[in-house]
Amino acid sequence: MFFLEPFGITDAGRVRQNNEDALLVGEGKDETLFAVADGIGGFEAGEVASSIAIEVLRRMEPGDSFEEALEEANRRIRAAARGDERFAGMGTTVVAVRFGQRDGRPVAEVAHVGDSRAYLMRGSSLRPVTEDHSLVAELVRSGDLSRAEAAEHPQRNLITRALGAEETVNVDTAVLPVEAGDRVVLCSDGLSDMVPEKRISEILDRHREDPETPARRLLQAALEAGGTDNVTVVVVDVRERREEERERGGTREMPPVAPPPAGRRRSPRPSARDKRRSSLSSRLLGRLLRGVIGLVAVAVLLTPAYLWGSSRYFLDVEGGEVVVHRGLPYEVGGVQLNEEWRRTGLRLSEVRRPYREPITERRLYTRDEVERVLRDLER
Ligand code: MN
């Protein structure tokens, strides 16, 4: 008999006043359900969005579908945003896992939207279960960035999917077989951005006795690395029940789960069979296929609604002059994803030091932020 031993922790971090992350650690109607949501939006809107998502998951009955629940959360977030202008444009990421049995074998069902992550640790190896819905992850998939470059990228927080962003939401789900000794980890980008995956893996591997110690150590590592964002970590250990542990509290048995409705589930990672199929196709179609894929990628990147969070601005240097562009500092398939927005008449050498780095690394700003930066620069 399997049981679960979970621990979850969240912290505002060292820089932010509010904690816009929210979490669910088995205290919902379905006690095998765990989730992390990372809200986005000004004032307290991010907190509102992430707590709506968690509230909907909390009320999920065992057997309810993740897609339907997250579609419901999407509708509620949008309704709340319509009802109060302070909440306009708010959204949230979400990653959720629930455990159960399918055909008598223990499984974890994972669903996610955005860049909050799930990992599975088996033995000493940690593997990502989710693929971020973020600009840099798309660029890694298209071959424009390496994974290492993505981890350091100044625009790595730009997400391409969120609950609340659009009328409909596209949820990725996966079902993983699990075994005794496995550990499932959910986290917000406040952990995965601050602490390299290798270090996360070491901490999880070093503290096997309970889920609490590694969760606290991971939080501590994120804070020590700067803690510039809210940090949330949930660690769930899958264990085999021994006789003497039957009396212990705080653990949850894994109930059977219904099979998924046919054709509704999509795995975020291609199966070995899908991979084989795609390599066969590319051999057959060669460059033609790659060309078509390239065009589709460009079309997707150019769709304005695609990049959640509306227009972005960045500063760049052209012929020595600082110029503001609207859009993203990339060229995909020969198409520039930005246009000139304003010339400043300033030379980079006239710009005070603290402002130079954001210019040379082409940091992205919202309209309000870039106008504030321009006022500071003109002073
Ligand atoms: Mn975050």
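Strand β10 (231-240) is mostly covered, with eight of its 10 residues buried. Here, buried means under 20% relative accessible area, exposed means over 50%, and partly exposed lies in between, for a 1.4 Å probe and protein chains only. The model is predicted, so local features need pLDDT of at least 70 and side-chain atom pairs count only at pLDDT 80 or more, whereas totals for chains, interfaces and linings use all residues. Residues are numbered from 1 along each chain as its sequence is written, and side-chain values use heavy atoms, with hydrogens and water left out.

Two strands count as paired if DSSP finds at least two bridges between them. Strand β1 (residues 2-11) pairs with β10 in the antiparallel sense over 10 bridges. Asp 11 stands opposite Val 231 of β10. Strand β9 (residues 183-187) is also antiparallel to β10, through five bridges. In that pairing, Val 184 stands opposite Val 236 of β10.

The protein chain has 10 helices and 14 strands in total. Helices (H or I, at least four residues) and strands (E, at least two) are DSSP runs, numbered from the N terminus. Of the 379 residues in the protein chain, 49% are buried. Contact means heavy atoms within 4.5 Å. Among contacts between residues at least 6 apart in sequence, 70% join residues at least 24 apart.

An open sheet contains five strands in the order β2-β3-β4-β5-β8, with antiparallel pairing. Strands β2 and β8 (172-177) stand at the edges with a single partner strand each, so one side of each has no neighbour in the sheet. Neighbouring strands are turned by 10° against each other on average, direction ignored. Five bridges join β2 and β3 in the antiparallel sense. Within this pairing, Asp 21 has Asp 38 of β3 as its bridge partner.

Helix α1 packs on this sheet and touches β2, β3 and β4; its direction makes about 160° with that of β3. Axes are lines fitted to C-alpha atoms, for helices over the stretch in contact, and angles run from 0 to 180 degrees between N-to-C directions. Helix α1 (residues 45-58) has 14 residues and reaches 20 Å from its first C-alpha to its last, close to the expected 20 Å. The expected span is 1.5 Å times one less than the number of residues. Buried residues of α1 include Ala 49, Ile 52, Ala 53, Val 56 and Leu 57. Their cover includes β2 (21-25), β3 (33-40), α2 (66-83) and β4 (91-102). Helix α2 lies across β3, β4, β5 (105-113) and β8, and runs at about 160° to β4.

Two aromatic pairs are counted. Rings of Phe, Tyr and Trp (its six-membered ring) pair if their centres lie within 6.5 Å; planes under 30 degrees apart count as stacked, over 60 as edge-to-face and the rest as tilted. Phe 34 and Phe 99 form an edge-to-face pair, 6.0 Å centre to centre, with 70° between the planes. Phe 34 lies in β3 and Phe 99 in β4, so the pair ties together parts 65 residues apart in sequence. Both Phe 34 and Phe 99 are buried.

The protein donors of the manganese ion are Asp 38 (OD), Asp 189 (OD) and Asp 229 (OD), lying 2.1 to 2.2 Å from the ion. Donors are N, O and S atoms within 2.8 Å of the metal (3.2 Å for Na, K and Ca); water is not among the atoms, so sites may look incomplete. Asp 38 and Asp 229 are both buried.
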